[in-house]
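Here's a quick walk through one protein model, written for someone who likes to think in contacts and ring geometries. Have a look at the structure first, then read on.

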Amino acid sequence: SVGFCPACFLVQLLGVPPPEEMFAKDYVYTPSISSSTIAHFKKTADTLIERFNLGEGSQLVEVGSNDGTFLRFFKERGIKILGIDPAENLAKGANKKGIRTECAFFTERFAEHVQQKYGQASVITATNVIAHINDLHDVTRGVATLLADEGVFIIEAPYLADLLERNEFDTIYHEHLSYFSVYPLQHLFKQHCLLIIDVQKK
């Protein structure tokens with residue numbers, strides 16, 4: 001069942017499966033099996049590096065980094081990277097490939113640990129991850145904690161308007177907890193002193 005909040009306009013599942021059962025231990029999907037996803041990640045990495053002038057003095061943290069496919073393109077350009085993913089099999093595999101990865105769910109408390117251990121992030125990315133997280137306030141507080149003052153938080157997520165206009169009912173299932181439009185994200189981020197500066201529809 002899907003619910004709609006008349007106060008903030010967030011559309012979200014009414015039942016939330018335990019995240020430990022969905023994402024920890026042995027998670028089976030990896031982006032490295034998809035050539036189109038790899039090409040998209042490379043293009044996105046090149047765009048972010050140029051737009052935000054990322055270099056050796058920058059640190060990029062990816063929330064839900066999976067097997068490190070996206071982070072690899074930043075590492076190849078000399079940028080300091082850190083992946084955070086709760087799936088033990090993925091984190092272990094990424095570390096073996098030289099993609100520094102912490103195995104954990106991203107929370108405000110864990111963000112404090114990362115900030116103390118590695119320093120603040122110039123950029124935090126989350127590609128098709130935030131919609132999987134139930135406590136949006138906790139993860140947003142974590143982003144605000146870890147992000148440098150002039151840092152940027154970049155997410156990718158399916159767009160609610162597309163779901164409605166194209167009748168994409170098959171995208172509604174247990175892993176996809178939230179279905180975003182821009183307004184509820186503005187409402188969320190404003191409460192944690194974050195400001196949306198750009199939106200791109202792909």
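Leaving aside its neighbours within four places in sequence, which residues is glutamate 62 in contact with? In this predicted model, the list runs Phe70, Leu71, Leu82, Gly83, Ile84, Thr125 and Thr127. Glutamate 62 sits in strand β3, and despite being buried it has no salt bridge. The nearest side chain of opposite charge belongs to arginine 72, and that one is 11 Å away, whereas a salt bridge needs the atoms within 4 Å.

Now for the nonpolar packing. The largest nonpolar core has 29 residues, and Phe106, Ile124 and Leu146 touch the most other members. Several elements each supply at least two residues of this core: strands β3 (59-63), β4 (80-85) and β6 (121-127), along with helices α5 (108-118), α6 (136-146) and α8 (182-190). Take phenylalanine 106: not counting residues up to four places away in sequence, it touches Val63, Ile84, Ala111, Val139, Gly142, Val143 and Leu146. There's also a second, separate core of 15 residues, with Leu60, Phe70, Phe73 and Phe74 among them. As a rule, nonpolar side chains in soluble globular proteins tend to be buried together.

On to the aromatics. The count comes to six aromatic pairs, and here are two of them:

| Pair | Centre distance | Plane angle | Class |
|---|---|---|---|
| Phenylalanine 23 and tyrosine 27 | 5.7 Å | 50° | tilted |
| Phenylalanine 153 and phenylalanine 189 | 6.1 Å | 75° | edge-to-face |

Phenylalanine 23 is buried at 11% relative accessible area, and tyrosine 27 is buried too, at 15%. In the other pair in the table, phenylalanine 153 belongs to strand β7 (residues 147-156) and phenylalanine 189 to helix α8, so their contact ties together parts that are 36 residues apart in sequence. Phenylalanine 189 also counts as buried, with 10% relative accessibility. Elsewhere, Phe4, Phe9 and Tyr183 make up one aromatic cluster.

Three strands form an open sheet in the order β1-β2-β8, with antiparallel pairing.

How values were computed: Residues numbered from 1 in each chain as written. Predicted model: local features only at pLDDT ≥ 70, side-chain atom pairs only at ≥ 80, totals over all residues. Heavy atoms only, no water. Core = buried A, V, L, I, M, F, W, Y, C linked by side-chain atoms within 4.5 Å. Buried < 20%, exposed > 50% of the residue type's maximum accessible area, 1.4 Å probe, protein only. Helix = DSSP H or I, 4+ residues; strand = E, 2+ residues; numbered from the N terminus. Contact = heavy atoms within 4.5 Å. Lys, Arg positive; Asp, Glu negative; His and termini not counted. Pairing = 2+ DSSP bridges. Phe/Tyr/Trp six-rings, centres within 6.5 Å; stacked < 30°, edge-to-face > 60°.
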